Amino acid sequence: MTAPFFKYGFFGEDISLVVAFAIGIGFGFFLERAGFNSAKKLAAQFYFKDLTVFKVMFTAIVTAMLGVYYLSVFGVMDLGLVYLTPTFLLPEIIGGFILGIGFVVGGYCPGTACVGAATGRIDALVLFVGIFAGVFGFNEFYPLLKGLYLATPMGQLTLPQVTGLPYGFIVFAVVLMALGGFWGAEWVEKKMAARKVEASS
Amino acid sequence: MTDMIRSLTLNARLALTAFVLGFVALFAGNPYKGAAATLNTKELAITMATNADQISVTTVADWIIQGRSDFRVVDLRPAAAFAEYHIPPAENIPVTELGGSNLGRNEKIILYSESGARDAQAWMLLRAKGYRGAYVLHGGLEAWKDSILFPRVPANATPAQLVDFARIKDVSKYFGGSPQAGAGDSTTTAVVMPKLAMPTPSATPAAGAPKKKKKEGC
């Protein structure tokens, strides 16, 4: 059997929805276990007091990258069939800012808002309603936003393509970046904790 | 060495694992499959022996008339021949470009060329690359002309053959063909290839038009 299973026709569209549901529940479960159902924990990220979000997300990226890389090298998976979201640079930068501002103000990102709402947090529920209001608004104003939405299309890009460096080198570089990031995050957390002690004493 | 690893925290052990895997990746090569392909010769042999790789022209004609859109017809002939005539929903993809085309491995792909040699080779190429839904149009375009566009009824036809012919006549007309009623084998009347602007069922995409890409992602 070769992955991706859907592209090879091992199951159809209906089963794929069931699979997506199971993966979604799994994703939510681990977000909850990381403590991401609390807006306080998530917002602490922006004050450099608690960089768990950064660490969890970068761990997920590195784990997925190593998994996808080695599965493909061993021929269990056909990487050429994995869908890549096309890059639209300008709208992605703007969208990133909007998401970031919403994250700081609301204390949740879309995924964690679902987790928070599922665990019964009212602030998360409000944000959850906000997400759908935003989606609805975007769709209503789509004719106006279409120009920006489709601006600067760059196609499906990967780092090895853009840099021209070998794939394995990029894998190693990202791992080093993550390890350096984890080390830096712990260092910053300790620094901030020390400052807190100084301030309170 | 084992003592050293045992003394590490779980986080440090995971970090070490990631580092080692990342380092090995430097030498493990490219994960993308190149032009190389693997063949399950036994599976292919069984497929060929049971004719599971073939699809008849009448089946395809019926599908087109029904407006089904769950299959793609690929014309492997040169562009000039394609421009002259092709089966209505067909798209023109030369053999050399099959690997880089936008055909999906989960799609039903029907290959045809003039008489069935090229398409069998192309079928092998696609199957080797993991296209499980590749089929060969049995008899190629020749069979399409003989059975769909210009069907003939034998001079001493049995009643069953006549019933078949009555049915195929409608199919033939749909594709702009001209059934050769009652014509014997010796009388080869000059047959005119139908114009390309033949009635195409609205459900099937126009020839060569890029297939609508399904949106994926988060």
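## Ground rules

What you have here is a predicted model, where local features need pLDDT of at least 70, side-chain atom pairs count only at pLDDT 80 or more, and totals for chains, interfaces and linings use all residues. Residues are numbered from 1 along each chain as its sequence is written, while chains are lettered from A and ligands numbered from 1 in the order in which they are written.

## The two chains

Let's start with chain A, which has nine helices and two strands (helices are DSSP runs of H or I with at least four residues, strands are E runs of at least two, and both are numbered from the N terminus). Along the sequence they come as α-α-α-β-α-α-α-α-β-α-α. Of its 201 residues, 16% are buried (buried takes 20 or more other C-beta atoms within 10 Å of the residue's own, exposed is 12 or fewer, partly exposed is in between, and the C-beta atoms are placed from the backbone). For chain A contacts between residues at least 6 apart in sequence, 64% link residues at least 24 apart (a contact means C-beta atoms, placed from the backbone, within 7 Å).

Chain B has eight helices and five strands, in the pattern α-α-α-β-α-β-α-β-β-α-β-α-α. Buried residues account for 25% of its 218 residues. In chain B, 66% of the contacts with a separation of 6 or more are between residues 24 or more positions apart.

## Where A meets B

On the chain A side, 25 residues are in contact with 22 residues of chain B. Helix 3 and helix 9 (167–200) of chain A are the elements that give two or more residues to that side, and helix 9 of chain A brings the largest share, 10 residues. By class, the chain A side splits into 17 nonpolar, six polar and two charged residues (nonpolar covers Ala, Val, Leu, Ile, Met, Phe, Trp, Tyr, Cys and Pro; charged covers Asp, Glu, Lys and Arg; the others, Gly among them, are polar).

Helix 3 (residues 52–73) of chain A packs on helix 2 (residues 10–28) of chain B at an angle of about 40°, with the axes 11 Å apart (axes are lines fitted to C-alpha atoms, for helices over the stretch in contact, and angles run from 0 to 180 degrees between N-to-C directions). The two helices are therefore oblique to each other (under 35 degrees is roughly parallel, over 145 roughly antiparallel, 65 to 115 roughly perpendicular, and the rest oblique). Their crossing is left-handed, meaning that the near helix is turned anticlockwise from the far one by less than a right angle, with clockwise being right-handed. Val62(A), Leu66(A), Tyr69(A) and Val73(A) meet Ala18(B), Leu21(B), Ala25(B) and Ala28(B) here.

Five strands of chain B make an open, parallel sheet in the order 1-5-4-2-3 (strands pair if DSSP finds at least two bridges between them). Strand 1 (54–55) and strand 3 (91–92) of chain B are the edges, each pairing on one side only.

Toward strand 3 of chain B, Val74(B) stands opposite Glu91(B), and Asp75(B) has Asn92(B) as its bridge partner. Val73(B) sits opposite Ile110(B) in strand 4 of chain B. Four of the five residues of strand 2 of chain B are buried, so this strand is largely enclosed by the rest of the structure.

## Helices and a loop in chain B

Helix 6 (residues 118–128) of chain B lies across strand 4 (108–112) and strand 5 (134–137) of chain B, at about 175° to strand 5. Elsewhere, the axes of helix 4 (residues 57–66) and helix 7 of chain B come within 9 Å and cross at roughly 65°, which makes the pair roughly perpendicular. This crossing is right-handed. Val57(B), Thr58(B) and Ala61(B) meet Ala143(B), Trp144(B), Ser147(B) and Ile148(B), giving five nonpolar, two polar and no charged residues.

Finally, Val153(B) is in the loop between helix 7 (140–149) and helix 8 (159–174) of chain B. Val153(B) counts as partly exposed because it has 19 C-beta neighbours inside 10 Å. Its C-alpha atom is 6.6 Å from that of Phe165(B), 12 residues apart along the chain.

Methods: Two residues are in contact if their C-beta atoms, placed from the backbone, lie within 7 Å.
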